Amino acid sequence: MAESTLNGRVVGIDLGTTNSLVAYMQGDAPVVIPGVDGLNLVPSVVALDPIPAEGGRPSVTVGNTARKALIETPERVIYSVKRLMGRGLEEIHDELKLFPFRLADDVEAGEVPRIRLGEMKFTPPEISAYILRQLKRNAERFFGAPVTQAVITVPAYFNDAQRQATKDAGRMAGLDVLRLVNEPTAAALAYGLDRAKVGTIAVYDLGGGTFDISILKLRDGIFEVQSTNGDTHLGGDDIDNLLLTIALDEIHAEHGVDLRQHPAAVQALRKAAIDAKIALSSEQVARFDIELPNGDRYQREIPRDVFELLIEPVLERTAGPCKQALADAGITPEQIDEVVLVGGSTRIPAVRQLVDELFHLAARGKRPHIELNPDEVVALGAAVQADILAGASKSTEEMLLLDVTPLSLGIEALGGTVARIIQRNSTIPASATEHFTTGVEGQTNVAIHVLQGERELAKDCRSLARFDLRGIPPMSAGLPRIEVKFLIDADGILQVTAREQRSGQQANIEVKPTYGLTDEQVEGMILDSFDHAEEDFAARLLIEARNEAETILTAVDRAPGNPAWKHLTGEEQAAIAAARDRLAAVNLGEDLSAIRDATLALDHATRRFAELMMDAAVTTAIRGKTMDAAGEQMGHEVTAPHPMAAAEFK
Amino acid sequence: MLKIIDSAVPIACWSCSIGHTDSTLFCPHCSKIQPPPGGDFFQVFGLERAFQVDLPALEHEFHRLSRKVHPDRFARAGELEREWSLADTALLNDAYRTLKEPLNRTEYLLKLEGAEIGEEHAGKDRKDQKDPSRVPTDLLEEVFELNMQLEEMRMARKMGESDPDLQASLEQAKRRFDGMLVEVDQSLRGQWQVWDQGDAAARHAAQKTMVALLDRRRYLNNLVRDVTESLGA
């Protein structure tokens, strides 16, 4: 085990609000690993299947299958859980209003919130762990070998608790998280592989639920972050919610139907809102056309200019953090050599317009970088960082990432003031040492309140954590001299250690954070340990290979009914039939590689058929649009369904 | 906050057991990473104590050392080496952050040399400001005048009125204080040179001057901040 861990691959994971991806370094280029369905993006959606008829625990599905369940059984599905990561009960009220999170009734203040999913309850890190486990499995299926080490990306503006929750999720999924990397920095790494050696770049990252801006200096392979800023609750979700709210209100006013009472209908409407938003990136008008439960139709056109007016306040909220980041880096917009756009929301033309104005790009004859797919670039960068950590790779041996902490760290002092001990934008790891004493005779505990923020009074800062120092030797008040060392590690996570110096015994003081999950709780939530479904690795691969074979066999059996079938020659049809019979035969056996080979062969035999079907699907999709508009859309995103996803085995 | 340990004490390398002095991140014999060395931030970069620092050379050395000591280079190393890499890199980063920034560097070196420096936590200055004994004497009259104007400005804002004359006067005051800050910085740079090149007596005098300059600087900074806030960004 130890040997294989040492030599095993390290994968890079983008655990996103909307979509998640896993990537690895293939030679000297990072590539995304597709799922069983052949798609790179795994929707960050988790669904609880119905309880099996024979009893036992219901199983959990992730990704596109889970998303399908969203319309049918919304009460058993959860998405955008990243918004809840590392947050306390009192912090998530706004989220509960906008998102269909169902909080468990028995959650008490100070506890990590639990979310109801069907008849079960999960903490946000557990939900994220299911997504991570799916990505891990996708990678294992791709490599045909276990994957146990990963780099996971987080928004640069994530605080300590949010980062710790992400690491906990990794551990629950059976992953050794070698590093948390900030998303914008990861994107810079992905772009930096083959880019100018010296320069200053800004990364503007507007994703599904978070916004980050980072400014980096590049020099001979060293990526030194100068400053970072952002908003952990700002993204495409907010735009969807705007459209959704308008539609819900209009439907209520015009048709007298309050859809808010119908979770499934709200989900259908949300999907329509997202489709409209995406369409408006390439077209001038988008349409809502929804059938309501009472048989009425809600039809509405949204012109792009109306849409842009509507979302302006949301986009404007990204301007402040950009200006602050520039100020903190001590530079003007003109000193930014390049701007990189990350996150699906940067496809919106109004966002690109705003970025252009913020950094005076067009005026200087520059354009932002969009060469890498904004949905994938963070995962690609995570793969680069994974390669750096794995070491022994020529393509990344000269690269090193020096990141910063996004928020100033302070401790509450007497009178409710804040003593700042580590400034924001300090390169991490960073440390500070402070001394404390007791106020009461024989006191053995001291509570330290750690805050983040730039304000002078504790009540104006955000409480980050409370640490209890326990086991102080009893002495007169004011006599103990407790040295407390605060260290922000390379993951941006705070470590606190304390020692009493006066007693001469240099006793190590126990430091206990009073937030998040305890080690024991995380231990108990490790997925495979309570799934009771822990099969050995080879057995799992066999099951997955069989499922895949079943999927392609079912599709092939239906093929003769498809109009495209007629366009195949007799030989092509015969070849498919032969490959089909071969796969059906070996699929009864236990030989993993035979099943894989036969699956691959059948996939190969049906490739032309798949192409014919895809052509037909595309023709259907663009019927009724001008060819120009269709071409533009194709350029952005080819979404035609591939009925038989290529099976990619190594 | 700072521990100064006699750097001549030899310490045995954990890996090759050969003794070395205490101010190195890597064993000079076997090149293995070492626990965080004692000594000051200058020693981390192999520099003599000085107020003037060659910044491009400092950055170059920071990058060179980062490449060797950063936790990314030890992701798969043993627990002890990972722990030392983390602690060493924190020390390296803290040292670089302090030395690259002129004011931080000046305060740091003055403290190393035993000078008493005013409290630097930003939150604590404001109350002291009203204390007349802390006002530099040449500014007494002006600060008195300014405080009156700031008060007037607050009242005017409260009433929702605007007073262009007052506004202009405050803007002028801000420009004047900004100019004084530039002068202070020039004087500081002059004292750096005196200290770096001087003998013990010259150094002692330069230290006293620098402590006073830093006090004045902090005071002016707070004035500028108050005026800027009052003008309402």
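Modeller: Two residues are in contact if their C-beta atoms, placed from the backbone, lie within 7 Å. This is a predicted model, in which local features need pLDDT of at least 70 and side-chain atom pairs count only at pLDDT 80 or more, while totals for chains, interfaces and linings use all residues. Residues are numbered from 1 along each chain as its sequence is written, chains are lettered from A, and ligands are numbered from 1, in the order in which they are written.

Colleague: How do you know which elements helix H4 of chain A lies across?

Modeller: H4(A), residues 124–143, lies across S5, S6 and S7 of chain A, and runs at about 65° to S6(A). Such angles run from 0 to 180 degrees between N-to-C directions, with axes fitted to C-alpha atoms, for helices over the stretch in contact.

Colleague: What makes H4(A) count as a helix, and how many residues has it?

Modeller: A helix is a DSSP run of H or I with at least four residues, a strand a run of E with at least two, both numbered from the N terminus. H4(A) has 20 residues, and therefore qualifies. From its first C-alpha to its last it reaches 29 Å, close to the 28 Å expected at 1.5 Å a residue (1.5 Å times one less than the number of residues). A:Gly144 follows H4(A), with a positive phi near 70°.

Colleague: Why is A:Ala161 called buried?

Modeller: A residue is buried if 20 or more other C-beta atoms lie within 10 Å of its own, exposed if 12 or fewer, and partly exposed in between. A:Ala161 has 22 such neighbours, so it counts as buried. A:Ala161 is found in helix H5 (residues 160–172) of chain A. In H4(A), 18 of the 20 residues are buried, so that helix is largely enclosed by the rest of the structure.

Colleague: Why are S5(A) and S6(A) said to pair?

Modeller: Pairing needs at least two bridges found by DSSP. Strand S5 (residues 45–48) and S6 of chain A have 3, in the antiparallel sense, so they pair. A:Ala47 stands opposite A:Thr61 in S6(A).

Colleague: What makes S6(A) and S7(A) edge strands?

Modeller: The open sheet has 3 strands in the order S6-S5-S7, with antiparallel pairing. Strand S6 (60–62) and strand S7 (77–79) of chain A each pair on one side only. Neighbouring strands of this sheet are turned by 20° against each other on average, direction ignored. Helix H2 (residues 64–72) of chain A also packs on the sheet, touching S5, S6 and S7 at about 65° to S5(A).

Colleague: What makes a nonpolar core, and which members of the largest touch the most others?

Modeller: A nonpolar core is a set of buried Ala, Val, Leu, Ile, Met, Phe, Trp, Tyr and Cys residues joined through C-beta atoms within 7 Å. The largest has 179 residues, of which A:Val11, A:Ile13 and A:Ala23 touch the most other members. Helix H12 (residues 377–390) of chain A gives the largest share, 11 residues. A second, separate core of 15 residues includes A:Ala545 and A:Ile576.

Colleague: Which residues does A:Ile13 touch?

Modeller: Leaving out residues up to four places away in sequence, they include A:Val22, A:Leu132, A:Leu135, A:Ile152 and A:Ala382.
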